[in-house]
2 protein chains.
Amino acid sequence: MSGSTTGDTNVEEESITVSLLSAQRSVPNSTSQVAIVGSKVCPIESLDYEIFENEMFKQDWRSQGKLQILQYICMKWLLCFLIGLTVSVVGFCNNLAVENLAGVKFVVTSNMMLETPAAAGSGIPEVKAYLNGVDAPGIFSLRTLFVKIIGSISAVSSSLLVGKAGPMVHTGACIASLLGQGGSKKYRLTCKWLRFFKNDRDRRDLVTCGSAAGIAAAFRSPVGGVLFALEEMASWWRSALLWRAFFTTAVVAIVLRAFIDLCLSGKCGLFGTGGLIMFDVYSANISYHLDDVPPVLALGIIGGILGSLYNFLLDKVLRIYTLINEKSIFNKIFLACLISIFTSCLLFGLPWLASCRICPADATEACPTIGRSGNYKKFQCPPGYYNDLASLIFNTNDDAIRNLFSKGTDSEFQHSSVLIFFITCFFLSIFSYGVVAPAGLFVPVIVTGASYGRLVGMLLGSHSNLNHGLYAVLGAASFLGGSMRMTVSLCVIILELTNNLLLLPLIMLVLLVSKTVADAFNGNIYDLIMKAKGFPYLETHAEPYMRQLTVGDIVTGPLQLFNGIEKVSNIVHVLRTTKHNGFPVIDEPPLSESPVLFGIILRAHLITLLKKKAFLSTQVPTGIDAWKQFSAEDFAKRGSGNGDKIEDIGLTEEEMEMFIDLHPFTNASPYTVVETMSLAKALILFREVGLRHLLVIPKISLRAPVVGILTRHDFMPEHILGLHPLLVRSRWKRLRIRFPSWGKIF
Amino acid sequence: MSGSTTGDTNVEEESITVSLLSAQRSVPNSTSQVAIVGSKVCPIESLDYEIFENEMFKQDWRSQGKLQILQYICMKWLLCFLIGLTVSVVGFCNNLAVENLAGVKFVVTSNMMLETPAAAGSGIPEVKAYLNGVDAPGIFSLRTLFVKIIGSISAVSSSLLVGKAGPMVHTGACIASLLGQGGSKKYRLTCKWLRFFKNDRDRRDLVTCGSAAGIAAAFRSPVGGVLFALEEMASWWRSALLWRAFFTTAVVAIVLRAFIDLCLSGKCGLFGTGGLIMFDVYSANISYHLDDVPPVLALGIIGGILGSLYNFLLDKVLRIYTLINEKSIFNKIFLACLISIFTSCLLFGLPWLASCRICPADATEACPTIGRSGNYKKFQCPPGYYNDLASLIFNTNDDAIRNLFSKGTDSEFQHSSVLIFFITCFFLSIFSYGVVAPAGLFVPVIVTGASYGRLVGMLLGSHSNLNHGLYAVLGAASFLGGSMRMTVSLCVIILELTNNLLLLPLIMLVLLVSKTVADAFNGNIYDLIMKAKGFPYLETHAEPYMRQLTVGDIVTGPLQLFNGIEKVSNIVHVLRTTKHNGFPVIDEPPLSESPVLFGIILRAHLITLLKKKAFLSTQVPTGIDAWKQFSAEDFAKRGSGNGDKIEDIGLTEEEMEMFIDLHPFTNASPYTVVETMSLAKALILFREVGLRHLLVIPKISLRAPVVGILTRHDFMPEHILGLHPLLVRSRWKRLRIRFPSWGKIF
């Protein structure tokens, strides 16, 4: 065939008969050896992301009957049900514990905090990075789960200015991941039925559902939870997943509702009707008109600026903390103690700044407040008086938000008290994040935003028709929009929290304005944290300079290849000397006429092969014998960090001289790009299909059959700009306002 | 380099210096000729879908400064704003017209219906197919837009049982598409500023925003609109699009709110406060407990069965209608008249079946109703009495829904009246769809479901704590879930319609149950209609047999190739004799040492080249001269059906003997797959990246550089199973309940 093709020659393909089990076809100009190999190739895998990584695994999948498929589907939904059930039970117990523990402040927590630095932070950036394909070690272990739950309860109940939504998302994701991998192998809690879910795609789906369940349980906001998972967390999304996430959060909603029914009969200790966060303060009709729009716009603009400032400061503080914490464990403990003591001093000290106010005659509830939560805290005041700052500070965060959102209380607070509370919340939440154990950002941002909005409402006074509580809701929306930068999900979460759909147009307006304003300064808070933590997050867009490069420009060597039938000692040597996770497999003469790319094999599978010692004594293909030695279980995806290591495998001198037939264990349909492909286009393929490895093949046919492998790290802007420093000036232009001198202050 | 590579050779890549404008690099073993061509290649395009299809276009894009980018971004948002504004104005006028015209029944419409068969149906399947990549002719023309708007107003106001939501979605998509392509060329309404949007990706994004705006305007449900576009309409989705769709629907929400403010002062004729559909009947607290769950479950199950039955019947009726309509235009008119007359007979005749009921003493409104809309229609009854069936039938659909949803009216209706109304709606909506002019399905399904739910509530009577109006809401939810099969978006739309978030857990439960039950029988109604219309819709999942095939198995010839510098007569011949839209471009000796794939060129671009007569007299590359002859405008995507045709281009004998240098106009970075790639994996690449053409390259390097091109049609199950009929038995198993004998009845 060589030389027979000219420009307008029509290459005709014969119509081909394919038998059901082995697709044999005549490949022109290939030797019979290749044909033998070829008949085994028959590539079956795929489904969105690489769920089947080798031929063995595929074989098992294909042989499943209807019963197995039914079992798989049932398990899929059952898992979602269990995630929903577990997350809602945990969420409920979390709330129950917080409400009951709120009195026992600063006791449990200070110890917990020092023991669990690993589970610090909200966990949302970690889960988001996982869903993008970055598997940080131990984020979904059973230990992390327990530390997270207990740490979150004690941190929140200690009145530290931290939220429970972030930890709930991480908790939900943990539960989903543990259920998906069939329990914890370490603690011997495994289940055979769950074997279908030991692959990346199914686990990622479950984790997405788990994080949706987390938000749903934290805010009793099922639709908001689904949208949060879709908008903020997931990097890949299919409509089937929407439906499953919806199912999961529906379970959460219904189970929580059942628990509340139980609690209404007063069996839950201090936990009352309003325990689960839900600021149902606006069920009455409110009306607003076109002339209310200008102050709302102003609120949104300032909220956006404040939100981006919040992100900026949080990022800087987090980087300083990292520097301090890196030095020694004592620094870490000292920092945590410092913030904790500082917080408690502030909380006890600040209310003294506010003067006592006389109880209103027409108060709808007891004044001063009897019991734990209420609008009129007595603090140091004489009977018949209350301290308005204490009403905000001496409550759980949920109660503070409820007080700020409440309507008909326009005269309850003094300007100075709300201002002090706003400034305290703004800075305290920044300094609390990243030091103490599990700490969410949602609730602190809502508290801060609500106090900001209430302050604006009070300053406007009679110039506006809207009441101060509504301003607090809109302020919370604007600050959330300015900091988190979500739109639809935040909108729905706020609606579900405040339970009033009539607010919708105003909330949409505020969110749009504040997000737009804040986007002009910097990025989403979770992205900033992810960047500060150094996760290689793969962005959706291709940067402009990527259009000027080809994949050949960024492929770096040396490339490690394996022969279709490879010597054991070679494999061991390569695995020991490199850290690559995938290796191209090549068929060479005499197996084929010229070197041909057969596929790609994973490190984990090679280690399994070495461990099982499925060796051949000669370099001759043996066919299907190898299939019987393995089950798909052997190649199932392990929990994070549970894989075997090459160093643990002992091999004799004799074994080192033997061979392995890699063909049955190779993924014979890898995605490939030609080396002259635009880097931007390759990134889109990599990102949209959700790949881990992308093979680069040569344009000119006479060279080696593979030029290199691209992985996530090759697409990171830092890596590319390191190779081609001149391209820095054509980075992604976000049309952002920059303050170069500001950065130097820190 | 030939022969130098063995299995574990490390192919090392030199680190390469790349200048900013032309990426020159040393390609081993390529002639200097190739190097000349190669320096021009420098592939820049991409961004998700193929937005830049040739080198010229790319050049223009790259040369844009910050100002142009700013202009592009501003235009993008301005367009979304305009879409939102226009759709909400249209939506408002639509409602205004319906409310005002409702009295003038059966007059305007019967004429309209006969004139506009082209715009029949809801339009949602067409828009959905477009967003999947299927461009049906004329669906977004200015003419379709006007016919749709006027037709929808007259159809709805004529009391035919058709909805306005579907036509509003189509209207929104039309407006978006027309704005995106810079107005209508035919009517000389164009705008130069809009030139950035003349490509597939941007137009698709705008159409998505437009369809979200349509639902938002029809139901005053902005969040529901975004989710509808996401869940039901869009085949590709990016979070940036979520944000833009949200912006669009926010504009709709705010503009509609402003109009309502205007109308509250009574300037809108018969259009009252409740004119825009919004069944705000549940703002008071309702409570429900665990023992209410079983009847709600039963409601969901039966609703699911009814919904799937509805889909089944609608599909069959639609197919019968198609058969009738195909025969002659008289059949079409006759059918339309028949349904129209039948509907009016039913509407006037049925209320006589119901007996007069005495007005309740404690009615909250006038009884019998004074004016147009109300709960107690007098019809033929004496004073102090009302006809309950007339209250349902003699109202607009919106008012009928409001009556059914209303609470505190448990004794208003008789069992028999609601049953008659349910049966009438069920069958009348099936027979009305597909005959008359623009007809939505949302409202008929809601009416039918609400009457079904109300009936169940009445049958349960005192056995349930929930009131009948709530049963009607849940019945509507179950019937929607059973027919439309959406989850999150329906849930939000129902919440936004009824304005009560406390219903959320119950609605979620009902939707989950009904969708699950209905999915066991058949598919989503829009998918069924799309299938009946024969659109080549590309599914997300790969069918099992696709894993047993390679792309080589389905590539069919003959393949048409072009040389890098091709003779004009060859191009003209190929364009005249084939209907392909893309052609591989090959560089052959002497331009390169061996035949090399250069890229892919589009038919539309070839026609532009022929039209501009950018010919060379000899087969020698000339470099950059050709760049000056063209602007990016020349290669901009035209409105649907506006492209030039090869038959319209006249060329002299002399010109036919000349050559064209195709290199600058070729997309030099096409996506490629190796012929042994699993078909399932190739489908995922094709689907996720949103391709139109996928090049298949050979595995063995000595053959021609391209084996074939895959397009959408090659991935259609019908095509594949036509080539490999034995694979039929391994089609996608949906584990569905089938009634083989039922199908034969029709």
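**Exercise 1.** Which orientation do H17(A) and H18(A) have to each other, roughly parallel or roughly antiparallel?

*Solution.* The model is predicted, with local features needing pLDDT of at least 70 and side-chain atom pairs counting only at pLDDT 80 or more, while totals for chains, interfaces and linings use all residues. Residues are numbered from 1 along each chain as its sequence is written.

Step 1. Helix H17 covers residues 468-484 of chain A and helix H18 residues 488-498; their axes lie 11 Å apart at an angle of about 150°. Axes are lines fitted to C-alpha atoms over the stretch in contact, and angles run from 0 to 180 degrees between N-to-C directions.

Step 2. Angles over 145 degrees count as roughly antiparallel, so H17(A) and H18(A) are roughly antiparallel to each other.

Step 3. On the H17(A) side the contact (heavy atoms within 4.5 Å) involves Val473(A), Ala477(A), Leu480(A), Gly481(A) and Met484(A), which meet Leu490(A), Ile494(A) and Thr498(A) of H18(A).

**Exercise 2.** Describe how H8(A) and H9(A) are placed.

*Solution.* Step 1. The axes of H8 (residues 200-219) and H9 (residues 222-233) of chain A come within 7 Å and cross at roughly 130°.

**Exercise 3.** What percentage of the 746 residues of chain A count as buried?

*Solution.* With buried meaning under 20% relative accessible area (1.4 Å probe, protein chains only), the value is 63%.

How values were computed:
Chains lettered and ligands numbered in written order. Heavy atoms only, no water. Buried < 20%, exposed > 50% of the residue type's maximum accessible area, 1.4 Å probe, protein only. Helix = DSSP H or I, 4+ residues; strand = E, 2+ residues; numbered from the N terminus. Parallel < 35°, antiparallel > 145°, perpendicular 65-115°, else oblique.
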